[in-house]
Amino acid sequence: MKFQVLFILFWIGFSVTQCYSLEKQYNYGNPYLPSPEFTEDDPQFEEGEPVWILDQTGNWIFSLPSKLVLWNLKADNHHISKETKEYLIRYIKENNLRDVKVRFNQYAPLSEWKRLPKNKNINPVVRYFFGSISLLAYTFLPGRLFAGMIGGDHYNSFTNTINVYSDLPPVVIHEGGHAKDFAQREKRTLYAAVYAIPVVGALYHEARASDDAINYFAEKNDKEQLDSSYELLTPAYSTYVGGAIGDVAANPITALTVIPGHIYGRYKKRDIDKELEKRKQKIQIKENQ
């Protein structure tokens, strides 16, 4: 019975991934609610100090599940290149996300607990309940070490923080897509509560974030990252459906669900040039009207 439920959920989720299209025009973000900017004492972008033994242990031991699932050694490798950082910084600025915090391979529990009461855009009851659960996990099972086995790159809607551990532009832009998605919502409380529901909440939100990342690279005509997006984001989405049974590290069945995602992603990327041309034509037609 469990496998049947997983199978149904997976194919529902898999069908959602097929809505990704490069033909639609990209819309830059415009936050629905006021977004205060950061100060010099509290910078928007921060990076954890390199700790060789900590980062290497996380990279070569605890991140192995995510590396195997995504077939990429840069997944949760705890070393984010300047290029990858610039991708996310540029995305954040272009989409007017002035209040989202970005932590590159940083463990800052005290700072995150202080951010929780500051997020006035989410009802305090929902914010403190779900936010405390997420921060307890962040505090005692830090992604700075365990990313890839327990947690990993993620956006916390209750503190409005993006945590990055992977040197993969499609992955970091995907997380930026979550922040953008939330920023444009009038009723963020309900949206955040639904997102906090395991599996069910994740399917829709993850599809939107991946769709935004793919179309962002299409807008930039960045074929290299488009190619990488289909290889990474499609199988990554499959793991959320597989999570209906268990975590990747806890249940091998979850890992198996990424196989169709890899197949579809590699099939889909063959049409990148064709879809970009269609996109260009549609935009030109719209501009001429």
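So, is threonine 234 buried or exposed? Threonine 234 is buried, at a relative accessible area of 0%. Buried here means under 20% relative accessible area, exposed means over 50%, and partly exposed is in between, with a 1.4 Å probe and protein chains only.

Quick housekeeping before I go on. This is a predicted model, where local features need pLDDT of at least 70, side-chain atom pairs count only at pLDDT 80 or more, and totals for chains, interfaces and linings use all residues. Residues are numbered from 1 along each chain as its sequence is written, and side-chain values use heavy atoms, with hydrogens and water left out.

Okay, back to threonine 234. You'll find threonine 234 in helix H11, residues 223-242; helices are DSSP runs of H or I, at least four residues, numbered from the N terminus. A polar atom of the threonine 234 side chain sits 3.4 Å from the backbone oxygen of tyrosine 230. Leaving aside residues up to four places away in sequence, threonine 234 touches Ser229, Gly261, Tyr264 and Gly265, contact being heavy atoms within 4.5 Å.

Next up, helix H4, residues 82-94. From first C-alpha to last, its 13 residues reach 18 Å, close to the 18 Å expected at 1.5 Å a residue; the expected span is 1.5 Å times one less than the number of residues. Buried in H4 we have Thr84, Lys85, Tyr87, Leu88, Tyr91 and Ile92. Those residues are on the same side of H4 because they cover an arc of only 155 degrees around the axis, taking directions from the helix axis to the C-beta atoms. After H4 comes asparagine 96, with a positive phi near 55 degrees.

The largest nonpolar core has 42 residues, and Leu88, Ile92, Ile162, Ile173 and Leu226 touch the most other members. A nonpolar core, by the way, is a set of buried Ala, Val, Leu, Ile, Met, Phe, Trp, Tyr and Cys residues joined through side-chain atoms within 4.5 Å. Apart from that one lies another core, of 7 residues, including Ala75 and Val258.

Last stop, helix H14, residues 272-288: 17 residues, reaching 24 Å from first C-alpha to last, close to the 24 Å expected. Its buried residues are Ile272, Glu275, Leu276, Arg279 and Ile283. Their arc around the axis is only 100 degrees, so they lie on the same side of H14. On the other side of H14, look for Lys274, Ile285 and Asn288, which are exposed.

How values were computed
Helix = DSSP H or I, 4+ residues; strand = E, 2+ residues; numbered from the N terminus. Polar contact = N/O pair within 3.5 Å; in protein donor to acceptor, adjacent residues only side chain to side chain.
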